[in-house]
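Biologist: I have a new chain open and would like a walk through it. Could you take me along step by step?

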Amino acid sequence: MTKDIFKILMGIMGEFMGLFDKFKKKANENTNFESNASKGFKFLDKLIHSRAKEISLDCDIELKLELLNNEEKAYLEGIPLNVDNLVIDGNGHSIDAKGKARIFN
């Protein structure tokens, strides 16, 4: 009887490890998700005012309207563009104020 229980437990363990391996593989496939996720106006504002002469976007920029991360009020008049000779290369990405604010001021 002990051998039977052991065999059952080993079978369950094997199935669990198989599922774990599948999960691990799926997680590894999604490692670049965060770098491609959209970022907010605050992120772009920091880039613009970082003293860089050229900014190359690697993601879309969206005005964040979430409850705990609401940028609408802070950027209603847009991101201040008080920097000389700045080049922003969008690399095909978009900047979206969602009709709630200006993009630049």
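Biologist: To start, how many helices and strands are there in the chain?

Modeller: This is a predicted model, and the chain in it has three helices and four strands. Read from the N terminus, the elements come in the order α-α-α-β-β-β-β.

Biologist: What share of the residues counts as buried?

Modeller: Of the 105 residues in the chain, 18% count as buried. The chain exposes about 8300 Å², and carbon and sulfur atoms supply 57% of that area.

Biologist: And which residues in the largest nonpolar core touch the most other members?

Modeller: That core has 13 residues, and those with the most contacts to other members are Phe 41, Leu 44, Ile 48, Ile 61 and Ile 79. Helix 3, which spans residues 41–48, gives the largest share of this core, namely three residues.

Biologist: Which residues of helix 3 are buried, then?

Modeller: The buried ones are Phe 41, Leu 44, Asp 45 and Ile 48. Looking down the axis of helix 3, these buried residues fall within an arc of 105°, so they line one face of the helix. In general, an α-helix has 3.6 residues a turn, so residues three or four places apart point the same way.

Biologist: What covers those buried residues of helix 3?

Modeller: The cover includes strand 1 (54–56), strand 2, strand 3 (87–89) and strand 4.

Biologist: Changing topic, how many salt bridges does the structure hold?

Modeller: The structure holds one salt bridge, in which the side chains of Glu 62 and Lys 98 meet at 3.6 Å, N to O. This pair links distant parts of the chain, since Glu 62 belongs to strand 2 (residues 61–62) and Lys 98 to the segment after strand 4, 36 residues apart.

Biologist: Are Glu 62 and Lys 98 buried, exposed or something in between?

Modeller: Glu 62 is partly exposed, because its relative accessible area of 24% falls between the 20% limit for buried and the 50% limit for exposed. Lys 98 also counts as partly exposed, at 39% relative accessibility.

Biologist: What is phi like at Lys 98?

Modeller: Phi of Lys 98 is near 55°, which is a positive value in a residue other than glycine. Asn 91 has a positive phi as well, of about 50°, although Asn 91 is not a glycine. You will find Asn 91 in the loop between strand 3 and strand 4, where Asn 91 counts as partly exposed at 44% relative accessibility.

Biologist: Back to the segment after strand 4 (95–96): why does Ala 101 count as buried?

Modeller: Ala 101 has a relative accessible area of 19%, and buried means under 20%, so Ala 101 falls on the buried side of the cut-off. Leaving aside neighbours within four places in sequence, Ala 101 is in contact with Leu 63, Tyr 75 and Leu 76.

Biologist: One last thing, which residues make the nonpolar surface patch?

Modeller: Ile 5, Ile 8, Leu 9 and Ile 12 make that patch, which has an area of about 390 Å². Leu 9 lies in helix 1, which covers residues 2–29.

Note on methods:
Residues numbered from 1 in each chain as written. Predicted model: local features only at pLDDT ≥ 70, side-chain atom pairs only at ≥ 80, totals over all residues. Heavy atoms only, no water. Patch = residues over 30% accessible without salt bridge, like charges linked within 9 Å, V, L, I, M, F, W, Y side chains within 5 Å. Areas by Shrake-Rupley, 256 points an atom, 1.4 Å probe, with all protein chains shown as cover. Salt bridge = Lys/Arg side-chain N within 4 Å of Asp/Glu carboxyl O. Helix = DSSP H or I, 4+ residues; strand = E, 2+ residues; numbered from the N terminus. Core = buried A, V, L, I, M, F, W, Y, C linked by side-chain atoms within 4.5 Å. Buried < 20%, exposed > 50% of the residue type's maximum accessible area, 1.4 Å probe, protein only. Contact = heavy atoms within 4.5 Å. Arc of directions from axis to C-beta.
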